[in-house]
Amino acid sequence: MARRAVFLLASALCAGLAPFLAAQENGPLVEPPGPISLDGVEVRSYQGQDLSSVNDFRENSIAGVQHVDRDRYRLAVTGLVRTPLALRYQAVLDRQRYTKVVTLHCVEGWSVTVLWEGVRIADLLADAGYDRGATTVIFTSADGYSTSLPLPWIVDRDIILASRMNGVEVPAERGFPFVVVAEDRWGYKWAKWVTGIEVSSDAGFRGYWERRGFSQGGAYPDPFVQ
Ligand SMILES: Nc1nc2c(c(=O)[nH]1)N[C@H]1C(S)=C(S)[C@@H](COP(=O)(O)O)O[C@H]1N2
Ligand SMILES: [Mo]
């Protein structure tokens, strides 16, 4: 009796395992991951305009791709402000959002046109209570990168800090969690992996590439070497 029970149990187990064993023989059950995992379907045209792909950029960052932990992330808004801020990722996302189609031109000669979505930097600065006499905003990043842009220009042009591109979350390769959409400025003004926004009166501040000879204003298509 006991032997029969063991036999039945063993048969049942084998029958149960059979489909899994068969699947194993037919190859892996999971598709191999693509080059960049996106959380949705990328938008490739918007209001009749063709968009580039999130993958059309050339990754040439100063210290390679940064992987920022979304739970531990804080966006610091500091400098000439009444109340310095340290905003969680979600706290930034929860604000009023804006979209724009903007082209990034890298000094290497390539460009990408993308539908960007994010928050107005001016809104973040207003929350911190910035000094109206300040001239400059300095951006700092997880990889030690830095660059600056004129404060009045950021306010007047509704410059955004983007968390989505072509309808998907900005991937690590493109600057997760936030990238500055510095329209009409060369690509080196588009800080990726932004961790700090500092309000300053140092209009002559020179960031990573500016210290290495790139123009401080960075206006496109003006010459970028001074
Ligand atoms: N933090 C950080 N942001 C950065 C850079 C960088 O090296 N580090 N490179 C800049 C340059 S030169 C360009 S053209 C754009 C786009 O770079 P990508 O093609 O490497 O994404 O990001 C800009 N922002
Ligand atoms: Mo660039």
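This is a predicted model: local features need pLDDT of at least 70, side-chain atom pairs count only at pLDDT 80 or more; totals for chains, interfaces and linings use all residues.
## Ground rules

Local features need pLDDT of at least 70 and side-chain atom pairs count only at pLDDT 80 or more, while totals for chains, interfaces and linings use all residues. Side-chain values use heavy atoms, with hydrogens and water left out, and residues are numbered from 1 along each chain as its sequence is written.

## Overall picture

The protein has four helices and twelve strands (DSSP runs, H or I of at least four residues for helices and E of at least two for strands, numbered from the N terminus). Of its 226 residues, 43% are buried (under 20% relative accessible area; exposed is over 50% and partly exposed is in between, with a 1.4 Å probe and protein chains only).

Take the contacts (heavy atoms within 4.5 Å) between residues at least 6 apart in sequence: 66% of them join residues at least 24 apart.

## The nonpolar cores

The largest nonpolar core holds 50 residues (buried Ala, Val, Leu, Ile, Met, Phe, Trp, Tyr and Cys joined through side-chain atoms within 4.5 Å). Trp-116, Phe-139, Leu-161, Val-180 and Ile-197 have the most contacts inside it. A second, separate core has five residues, including Tyr-145, Tyr-188, Tyr-208 and Phe-214.

Leaving out residues up to four places away in sequence, Leu-161 touches, among others, Leu-75, Glu-117, Phe-178, Val-180 and Ile-197.

## A buried glutamate

Glu-42 sits in the loop between helix H1 (2–25) and strand E1 (45–46), and it counts as buried because its relative accessibility is 16%. Its side chain reaches the backbone nitrogen of Val-54 at 2.5 Å, and a polar contact of 3.0 Å joins the side chains of Glu-42 and Asn-166 (N or O atoms within 3.5 Å; within protein, one must be able to donate a hydrogen and the other to accept it, and residues adjacent in sequence count only if both atoms are side-chain atoms).

Glu-42 also touches Val-168; the two are 126 residues apart in sequence, yet 6.0 Å apart in space, C-alpha to C-alpha.

## Salt bridges

There are eleven salt bridges (a side-chain nitrogen of Lys or Arg within 4 Å of a carboxyl oxygen of Asp or Glu). One of them pairs Arg-70 with Glu-169, with the closest N and O atoms 2.9 Å apart. That pair links distant parts of the chain, 99 residues apart, with Glu-169 in strand E10 (residues 168–169).

Arg-157 forms another with Asp-184, at 2.7 Å between the closest N and O atoms. Both lie in loops, so the pair ties together parts that are 27 residues apart in sequence. Salt bridges that share partners join Lys-100, Arg-157, Glu-183 and Asp-184 into one network.

Definitions and conventions. Chains are lettered from A and ligands numbered from 1 in the order in which they are written.
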